[in-house]
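Hello,

Here is the structure I promised to pass on to you. Have a look at it first, and then read on for what turned up in it.

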Amino acid sequence: MLRLDWNILFNIINILILYFLMKRFLFKPVNEILAKRQAEADSLFAQAGEKDAKAQECREKYEALLQEAQSEKEKIVSDARKDASSEYSRILDEAKGKAEGLVEKAQMDAKKEKQAILQQADAEIQDMVLAAAARVAGAADGKENDRELYDRFLAKTAVPNQQ
């Protein structure tokens, strides 16, 4: 039959006691430490995730602000170009107006001067005709005298035209 050896029984009891003691005083604290470390690691991962989410949110805000600044810059540049173009057109129109005014004034001055020169020439011609008529009336009739008067008349009138 079976014979029971007390040594084996004590060894089994010792192993069971050792197992319960180790479980109670060694494995349980080690498992608790591992659980705490796992909880800390989980909380650190959660914090990292939150910080990542905040960083992503800040990045999106930054990109939105950057896009808004870019559109604002484009609007300002566009407005500045429109203003510059309208100012350029205004200055150009003003310059054209002044140029047209100067041209009209110059034309008017030229017409007045031309009229003055024509009036002066008419007056000189009238004076020459009167002088010639007075000489003709005072001189004797003859072909020779008429030719001489005609040549003098031409000589006097030819001199002002050459100047």
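R90 and E94 are about one helical turn apart, because four residues separate them in helix α1 (helices, H or I of at least four residues, and strands, E of at least two, are DSSP runs numbered from the N terminus). Between R90 and E94 the N to O distance is 3.0 Å. R90 is partly exposed at 43% relative accessible area, and E94 is partly exposed at 40% (buried is under 20%, exposed over 50%, partly exposed in between, with a 1.4 Å probe and protein chains only).

Before going further, a word on the source: this is a predicted model, where local features need pLDDT of at least 70 and side-chain atom pairs count only at pLDDT 80 or more, while totals for chains, interfaces and linings use all residues. Residues are numbered from 1 along each chain as its sequence is written, and side-chain values use heavy atoms, leaving out hydrogens and water.

The chain has two helices and zero strands, and buried residues make up 2% of its 163 residues.

The whole structure contains five salt bridges. One of them joins E57 and K61 at 3.5 Å, N to O. E57 is partly exposed, at 43%, whereas K61 is exposed, at 51%. Another links R59 to E63 at 3.3 Å, N to O; these two also lie in helix α1, four residues apart.

How many cavities of 30 Å³ or more does the structure hold? There is one (on a 1 Å grid over the protein atoms alone, a cavity is a set of points where a 1.4 Å probe fits but cannot get out, and lining residues have an atom within 4 Å of a point). About 90 Å³ of space lies in the largest cavity, a volume being the space filled by probe spheres set on the points, which are joined across faces, edges and corners. Its lining consists of M128, A131, A132, R135, L149, R152, F153 and K156. Both α1 (6–138) and α2 (143–162) give two or more residues to that lining.

Enjoy exploring, and write back with any questions.

Best wishes

Key. On a 1 Å grid over the protein atoms alone, a cavity is a set of points where a 1.4 Å probe fits but cannot get out, and a pocket is an open set with protein on both sides within 12 Å along at least five of seven lines; lining residues have an atom within 4 Å of a point. A salt bridge is a side-chain nitrogen of Lys or Arg within 4 Å of a carboxyl oxygen of Asp or Glu.
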